[in-house]
Amino acid sequence: VADTFANGKDICPPGWHMPSDAEFTLLEVSLGMNIMYQDSVGWRFSGTVGRKMKASDGWIDDGNGTNSSSFTALPSGNRSTGKVFLGMEGYTSFWTTDEFREDEEYAWRRYLYHNMEANGRFTDFKNNGYPVRCLKDN
């Protein structure tokens, strides 16, 4: 069963769920991002959140992070709408359950790039292939 992005549970094992945009924001703020950036779109340079989320090895061009958050984000690239795999060592994104403006084609994602200490908040076509992180239910 494909996940609908509406509940984020179909894609994760029982007892886990795909995080919402708000849940990612809570993580980012806890890692030092200024709360005034919580709704901003694009690269957010506050608090070097991207560096704290990236694994301490595995990224190209010395783009490793500190993994001080224990999030251990590894580069994975993505699968484009044209079914081409890109950027497998240089970046990663994570889907959230939230659609962009209730648009059935777009959803919010977080983005980490090898040569950036920042993290990004962007939207993209839902038929692009990005990883998901599952959160344990409370």
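Author: Two strands pair if DSSP finds at least two bridges between them, and a strand is a DSSP run of E with at least two residues, numbered from the N terminus. This is a predicted model, where local features need pLDDT of at least 70 and side-chain atom pairs count only at pLDDT 80 or more, while totals for chains, interfaces and linings use all residues. Residues are numbered from 1 along each chain as its sequence is written, and side-chain values use heavy atoms, leaving out hydrogens and water.

Reader: Is R44 buried or exposed?

Author: R44 lies in strand β2. Buried means under 20% relative accessible area, exposed means over 50%, and partly exposed is in between (1.4 Å probe, protein chains only). With its relative accessibility at 1%, R44 counts as buried.

Reader: What side chain is joined to that of R44 by a polar contact of 2.4 Å?

Author: A polar contact is a pair of N or O atoms within 3.5 Å; within protein, one must be able to donate a hydrogen and the other to accept it, and residues adjacent in sequence count only if both atoms are side-chain atoms. The R44 side chain reaches the backbone oxygen of Y37 at 3.1 Å. At 2.4 Å, the side chain joined to that of R44 belongs to E28.

Key. Helices (H or I, at least four residues) and strands (E, at least two) are DSSP runs, numbered from the N terminus.
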